[in-house]
Amino acid sequence: MLKENIFTFPVSVGSYQQFIDQIFHLSEHQDSSYVCFANVHMVVEGYNDPAFNAVVREADIVTPDGQPVALFLRLFKKINQVRVAGLDVFPDLLKEAQARGKSIYFYGTTDDVLAKIEEKARREYPELNICGLYSPPFRKLSDEEEEATIRMINDARPDLVFVALGCPKQENWMAQHKGKVKGCMLGLGHAFKVYAGVSTRSPQWMQKLSLEWAYRLYQEPGRLWKRYFYTNSFFLFLTAKYALFHRLSSPGTQKSRTIFKCDYHIVWVPLPRFRLLSESMADTFQHEINEVCRRKACSLKALEIHDDFIHFKVSIPPKIAVANLIETLKSEVTVNLFKNNPRLKTGYSGKDFWTSSNFISTDELTEAVIKRYVKFQET
């Protein structure tokens with residue numbers, strides 16, 4: 001992915017779905033890789049510490065996790081960048097991992113938090129392959145313990161390794177273990193506690209106003225007040241200084257760049273016991289899919305309803321994940337389908353009307369490829 005510098009700190013740019021796609025691409029095409037989620041605290045740490053800056057520069061992806069980071073890219077780099085927060089990406093990656101048949105491993109935090117995460121993930125994503133979880137001791141591991149930990153993770157053969165050790169410890173750990181731990185490592189920190197329900201997330205209005213830090217400060221004032229007082233103030237100082245030089249060196253206006261629009265082909269298959277071919281049902285599907293895409297600000301380019309699958313091409317805006325679009329479609333389309341065809345309710349319940357997987361591709365799909373996929377689903 002392309003990267004832009006914020007001061008001396010590199011941040012990847014792209015749409016929300018492109019980050020999701022690229023993370024899975026790393027898991028499939030690189031033996032070992034890691035992803036950082038950059039907020040204001042991390043940017044300031046990288047600015048003041050050259051060694052930590054080098055750790056982040058070596059990361060395969062650095063998402064604009066904090067709202068101020070995404071805002072900086074929009075204001076000064078003229079890139080229509082959305083926020084790609086670990087708190088949002090974490091559950092979406094679990095959802096996508098289930099759909100794509102990928103295995104995941106949880107490393108870090110406490111046994112209690114890991115138990116809550118596992119219980120919730122297995123409830124929400126029953127077909128998700130959780131191949132392991134481990135809470136390391138809160139001390140420096142010996143060389144023998146390090147080797148045993150690496151061996152334990154690799155023996156589980158995860159595609160994604162979610163790491164929660166806190167910043168900058170988790171970023172340093174991932175950098176030190178690149179080439180040793182097989183899979184794509186992701187430093188998600190606080191997202192573990194939020195997903196587990198141990199900690200709560202700030203309201204939407206605070207997120208939009210870049211005030212999520214204030215909510216966390218309210219939750220943990222003793223631990224976080226020094227960090228936020230210094231890092232937030234220093235980030236504002238660096239931004240003001242950058243803005244001054246930016247204005248002096250780049251007079252005039254520069255048009256914002258939108259470089260992230262992506263078209264996806266989606267093949268959506270019902271349970272094999274049922275066939276879609278019915279004029280009234282096809283009308284319901286067409287109307288509901290159009291309506292959901294319109295509300296989600298997606299542009300529906302093409303739609304084909306066959307007797308055993310639906311194939312459509314849709315343009316996804318920067319803020320939307322394909323998995324979320326499909327979940328909405330499954331829920332809302334099925335409700336209206338049952339309403340118009342009461343007899344279908346027998347033996348089906350909500351989203352169970354559909355097979356668990358969806359074939360998503362950015363490439364042109366031939367009819368032969370789609371039929372092979374549908375046949376695979378039915379077996």
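Guide: H5 and H14 are roughly perpendicular to each other (65 to 115 degrees; under 35 is roughly parallel, over 145 roughly antiparallel, the rest oblique). This is a predicted model: local features need pLDDT of at least 70, side-chain atom pairs count only at 80 or more, and totals for chains, interfaces and linings use all residues. Residues are numbered from 1 along each chain as its sequence is written, and side-chain values use heavy atoms, without hydrogens or water.

Start with the geometry. H5 covers residues 86-100 and H14 covers residues 322-340. Their axes (lines fitted to C-alpha atoms over the stretch in contact, with angles from 0 to 180 degrees between N-to-C directions) come within 9 Å. The crossing angle is roughly 70°.

Now the residues. Contact here means heavy atoms within 4.5 Å. By class, the contact has four charged residues, one polar and one nonpolar.

Look at H5 itself. The helix has 15 residues. From first C-alpha to last, H5 reaches 20 Å, close to the 21 Å expected at 1.5 Å a residue. Gly-101 follows H5, with a positive phi near 70°.

Burial comes next. The buried residues of H5 (under 20% relative accessible area; exposed is over 50%, partly exposed in between, with a 1.4 Å probe and protein chains only) include Val-89, Phe-90, Leu-93, Leu-94 and Ala-97. Gly-86 and Gln-98 are also among them.

Step back to the chain. The protein chain has 15 helices and twelve strands. It has 379 residues, and 49% of them count as buried. Of the contacts with a separation of 6 or more, 73% join residues 24 or more positions apart.

For contrast, take H2 (residues 40-48) and H3 (residues 50-57). They pack at about 120°, with axes 5 Å apart. That makes H2 oblique to H3. Met-42, Glu-45, Gly-46, Tyr-47 and Asn-48 in H2 meet Pro-50, Phe-52, Asn-53 and Val-56 in H3. That contact divides into five nonpolar, three polar and one charged.

Notes
Helix = DSSP H or I, 4+ residues; strand = E, 2+ residues; numbered from the N terminus. Nonpolar A, V, L, I, M, F, W, Y, C, P; charged D, E, K, R; others polar. Expected span 1.5 Å × (residues − 1).
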